[in-house]
Amino acid sequence: MTEELSILREQAKRFLERQFVPHRERWDKAGVVDRDAWRAAGAAGLLCASIPEAYGGGGGTRAHDLVISEEIGRAGLGGGFGAGAGVHSNIVAHYLLAYGTEAQKQRWLPGMATGDLVGAIAMTEPNTGSDLKSVRTTARRDGDAYILNGQKTFITNGQNADLIVVVAKTDSTGGAKGVSLLVVETANAPGFRRGRNLEKIGMHAQDTSELFFDDVRVPRANLLGDVEGQGFVQLMVQLAWERLICASGAVVAMEMAVELTAAYVKERKAFGAPLLTFQNTQFKLAEAKTHAVIARTFVDDLMVRLLAGSLDPTTAAMAKWWTTETQCRVIDECLQLFGGYGYMTEYPIARLYADARVQKIYAGTNEIMKLLIARTL
Ligand SMILES: Cc1cc2nc3c(=O)[nH]c(=O)nc-3n(C[C@H](O)[C@H](O)[C@H](O)COP(=O)(O)OP(=O)(O)OC[C@H]3O[C@@H](n4cnc5c(N)ncnc54)[C@H](O)[C@@H]3O)c2cc1C
């Protein structure tokens with residue numbers, strides 16, 4: 001942390017409390033945040049904080065992104081605006097920055113920073129999730145364009161997205177080497193259709209959608225990086241950061257769970273005494289706090305390594321599976337201490353519980369993380 005980051009944290013916190021928290025329940029019911037919220041977040045400097053100023057971004061580092069995403073989580077918006085903003089700023093914008101041609105960066109990044117363009121990444125298909133190289137979506141060359149055909153599902157920001165990085169096969173015989181990333185601009189894409197906004201166990205305010213591409217004509221100039229067959233490698237290079245962001249979300253959620261529960265058990269009485277006086281309560285919370293501190297220490301260390309350019313994807317995979325697994329366990333134990341109130345959605349612990357479950361599934365399932373770690377044994 002630096003003083004500048006502390007100021008950013010305070011600013012983000014104040015903005016979110018004032019502008020977003022009052023809408024949280026309405027967004028939960030709508031299944032999506034207001035489109036204008038994206039522009040408000042852009043104006044407040046909460047989008048694309050680590051994209052250079054030359055492309056409209058905040059000109060900061062990934063530490064700026066992390067501070068913002070921590071505050072979004074602490075405001076209870078992790079399962080609403082948080083996941084989508086993470087995909088937008090931490091993933092899509094960084095794909096464009098890392099691989100885009102100069103023209104692509106100039107064309108898309110400034111709009112992403114203001115929130116005028118919302119980004120999404122579409123990898124997963126109904127028949128292919130973990131086995132990414134088996135995607136069936138195809139991009140066939142036709143003159144100065146590609147003809148895109150396929151279906152995607154579970155796509156974060158699917159309803160609001162204006163720019164969708166689509167994982168497609170430009171060579172269906174090429175396995176991983178046939179995979180390319182095409183940027184679909186939804187405003188001008190006949191044949192593109194958004195399907196259902198899927199109903200989920202948690203993360204209710206986050207739109208998660210099916211997407212359909214039927215003979216969508218995508219200009220050749222929208223091939224990310226201008227070279228075919230690079231998609232798989234492009235996806236892999238960004239993984240350490242994506243996993244670390246997930247792990248950081250897990251840490252914040254655990255810290256919140258411990259805080260909320262500690263406050264509750266001091267107030268709530270059973271058998272004439274506060275719950276905190278029972279040794280079981282003390283032990284459970286002592287364990288939960290220990291887990292949160294260990295996770296925080298690990299993730300902070302990895303963040304330092306990431307900023308120094310030395311974080312490897314395997315260590316990031318360890319952080320992703322362990323922190324998210326621990327997050328689910330810690331929140332479950334904390335919820336238990338709330339008794340029946342813990343099951344009521346008006347209690348923030350219930351929201352933390354419902355939002356946590358997906359952490360073990362997306363950004364590469366925890367089983368896939370373990371496979372990757374096992375390869376290095
Ligand atoms: C809320 C939400 C948001 C999402 N957002 C996005 C998004 O923005 N963009 C996007 O592209 N995708 C997104 N996803 C999709 C997500 O990344 C996939 O669901 C995930 O990668 C798993 O793929 P799958 O669902 O097809 O499961 P499968 O791959 O079918 O896996 C099913 C089970 O089998 C296990 N498994 C698979 N292969 C192996 C193996 N080799 N060894 C051992 N176990 C294995 C898995 O770990 C899992 O437990 C999102 C998903 C959710 C739920």
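This is a predicted model: local features need pLDDT of at least 70, side-chain atom pairs count only at pLDDT 80 or more; totals for chains, interfaces and linings use all residues.
Q: Which residues line the largest cavity?

A: The lining is made up of L46, D65, I68, S69, I72, G82, A85, G86, S89 and N90. You can find them in the structure above and look at the space they surround.

Q: Which elements give two or more residues to that lining?

A: Two helices do: helix 4 (62-74) and helix 5 (78-99). Helix 5 provides the largest share, with five residues.

Q: What classes of residue does the lining of the largest cavity have?

A: Sorted by class, there are four nonpolar, five polar and one charged residues.

Q: Now for charges. How many salt bridges does a search of the whole structure find?

A: A salt bridge here pairs a side-chain nitrogen of Lys or Arg with a carboxyl oxygen of Asp or Glu, within 4 Å. The search of the whole structure finds 23 salt bridges. Let's look at R9 and E71, whose closest N and O atoms are 2.7 Å apart.

Q: Where do R9 and E71 lie, and why might I say the pair ties parts together?

A: R9 belongs to helix 1 (residues 3-20) and E71 to helix 4, so the pair ties together parts that are 62 residues apart in sequence.

Q: Are R9 and E71 buried or exposed?

A: Burial is read from relative accessible area, and under 20% counts as buried. R9 has a value of 18%, so R9 is buried. E71 is also buried, with a relative accessible area of 5%.

Q: Which residue does E70 meet in a salt bridge?

A: E70 meets R296, with 3.0 Å from N to O. E70 sits in helix 4 and R296 in helix 9 (residues 279-307), so this pair ties together parts that are 226 residues apart in sequence. E70 is buried, at 4% relative accessible area, and R296 counts as buried at 17%.

Q: Which residues are linked in a network of salt bridges?

A: The network links R9, E70, E71, R74, E255, R296 and D300.

Q: What about D142, and which residue does D142 form a salt bridge with?

A: D142 pairs with R217, and their closest N and O atoms are 2.8 Å apart. This pair links distant parts of the chain, with D142 in strand 2 (residues 138-142) and R217 in strand 7, 75 residues apart. D142 counts as partly exposed at 34% relative accessibility, and R217 is partly exposed too, with 43%.

Q: Let's turn to buried charges. What is the nearest side chain of opposite charge to D207, and how far away is it?

A: D207 is buried yet has no salt bridge, and the nearest side chain of opposite charge, R194, is 6.6 Å away. You will find D207 in the loop between strand 6 (192-197) and strand 7 (208-219). The side chain of D207 does have a polar contact of 3.2 Å with the side chain of Q206.

Q: Which side chain makes a polar contact with the side chain of E242?

A: That is Y95, at 3.0 Å. E242 is in helix 8 (residues 239-267). E242 is buried without a salt bridge, and R243, the nearest side chain of opposite charge, is 6.8 Å away.

Q: One last topic is distance in sequence and in space. How far apart are L66 and M303?

A: L66 and M303 are 237 residues apart in sequence, and their C-alpha atoms are 8.9 Å apart in space. L66 lies in helix 4 and counts as buried at 8% relative accessibility.

Q: And how far apart are G56 and R357?

A: G56 and R357 are 301 residues apart in sequence and 35 Å apart in space, C-alpha to C-alpha. G56 is in the loop between helix 3 (35-43) and helix 4, and is partly exposed, with a relative accessible area of 43%.

Conventions:
Residues are numbered from 1 along each chain as its sequence is written. Side-chain values use heavy atoms; hydrogens and water are left out. On a 1 Å grid over the protein atoms alone, a cavity is a set of points where a 1.4 Å probe fits but cannot get out, and a pocket is an open set with protein on both sides within 12 Å along at least five of seven lines; lining residues have an atom within 4 Å of a point. Helices (H or I, at least four residues) and strands (E, at least two) are DSSP runs, numbered from the N terminus. Ala, Val, Leu, Ile, Met, Phe, Trp, Tyr, Cys and Pro count as nonpolar, Asp, Glu, Lys and Arg as charged, and the others, Gly among them, as polar. Buried means under 20% relative accessible area, exposed over 50%, partly exposed in between (1.4 Å probe, protein chains only). Lys and Arg count as positive and Asp and Glu as negative; His and the chain ends are not counted. A polar contact is a pair of N or O atoms within 3.5 Å; within protein, one must be able to donate a hydrogen and the other to accept it, and residues adjacent in sequence count only if both atoms are side-chain atoms.
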